[in-house]
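Take the sequence and the model together and read them side by side.

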Amino acid sequence: MRIDVVTIFPGYLAPLREALLGRAIGSGLLDVAVHDLRDWTHDVHQAVDDSPYGGGPGMVMRPQVWGDALDAVLAADERPARLVVPTPAGRPFTQADAHAYAAEERLVFACGRYEGIDQRVVDHYADALPVDEISIGDYVLVGGEVAVLVVVEAVARLLPGVLGNPRSAAEDSFSDGLLEGPSYTRPEVWRDRPVPDVLRSGNHGAIARWRRDRALERTVARRPDLLAALPPDALDKKDRAL
Ligand SMILES: Oc1ccccc1-c1ccno1
């Protein structure tokens, strides 16, 4: 997979080259290119934004600069790409999206700042390739770079060979529609708090049931919306008895 990121702060994307993602890049599982949007400005001030039509606070990122940048970046590789634009007004990014993006040959991320990117940029490219405006949560950031770090990590960890143990991704939170339950490791007792006995019993059936029950309890308590979204046959009789 190739990932391109266009931003006015390339340094914000440096963490992509650390740890797990850095190893994925080093081993050729992932190819990441970060581009400075200002490379496509032509004025002495390297202006990337301007005042909003209709008035209002803040500045809007100029379509000409983004058009020149995205034309150049998209033309740099013949693989079909999906353009992803993080924005607080976007559709919520989910684990299902991460799996879908992990199947793409190429992702191009446009990092907006200020009041966002002139809408005509998204409208223009949507005529030529898939374009997603996505949000990573109901809060407002200063720019899209942090959202790109989140999305790239969620996607890259699903690529074959990136995670040491492929079972980790298969047993993620959300993989069965529920939140993951609690986890424990040594010591057996820590500050007078013991590990639940069942986890040390060696009874794999009881352990699986206990873990499922804890995942259901946590999902009911923290994310009832996930339960409501489950398909009718997702919960068995024991689940419903909880
Ligand atoms: O708040 C933002 C500002 C710019 C680009 C993206 C965001 C955002 C907020 C939540 N998800 O994305």
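The side chain of R106 reaches the backbone oxygen of V73 at a distance of 2.6 Å. R106 also makes a polar contact, side chain to side chain, with D4 at 2.9 Å. A polar contact is a pair of N or O atoms within 3.5 Å; within protein, one atom must be able to donate a hydrogen and the other to accept it, and residues adjacent in sequence count only if both atoms are side-chain atoms. These values come from a predicted model, in which local features need pLDDT of at least 70 and side-chain atom pairs count only at pLDDT 80 or more, while totals for chains, interfaces and linings use all residues. Residues are numbered from 1 along each chain as its sequence is written, and side-chain values use heavy atoms, with hydrogens and water left out.

Where does R106 sit in the fold? R106 is part of strand β6, residues 106-110. Helices (H or I, at least four residues) and strands (E, at least two) are DSSP runs, numbered from the N terminus. R106 counts as buried because its relative accessibility is 0%. Buried means under 20% relative accessible area, exposed means over 50%, and partly exposed lies in between (1.4 Å probe, protein chains only). Leaving out residues up to four places away in sequence, R106 touches R2, D4, V73, L74, D77, R79, P80, A81 and R82. Contact here means heavy atoms within 4.5 Å.

D68 counts as partly exposed because its relative accessibility is 35%. Apart from neighbours within four places in sequence, D68 is in contact with W40 and H42.

Next comes helix α4, residues 119-126, whose buried residues are V121, V122 and Y125. Seen down the axis of α4, these residues fall within an arc of 95 degrees, so they line one face of the helix. The arc is that of the directions from the helix axis to the C-beta atoms. An α-helix has 3.6 residues a turn, so residues three or four places apart point the same way. The cover over the buried residues of α4 includes α2, β5 and β7 (131-135).

Around the ligand are P86, T87, P88, G112, S135, I136, G137, Y139, V140, L141, G143 and G144; a residue is near a molecule or strand if one of its heavy atoms lies within 4 Å of it. The shell divides into six nonpolar residues, six polar and no charged. Here Ala, Val, Leu, Ile, Met, Phe, Trp, Tyr, Cys and Pro count as nonpolar, Asp, Glu, Lys and Arg as charged, and the others, Gly among them, as polar.

An oxygen atom of the ligand lies 2.6 Å from a backbone N or O atom of L141. The ligand on its own has 300 Å² of accessible area, and the protein covers 95% of that. Accessible areas come from the Shrake-Rupley method with a 1.4 Å probe; for residues, only the protein chains shown count as cover.

Finally, the whole protein. It has nine helices and nine strands, and buried residues make up 40% of its 242 residues. Its C-alpha trace spans about 70 × 40 × 40 Å along the principal axes.
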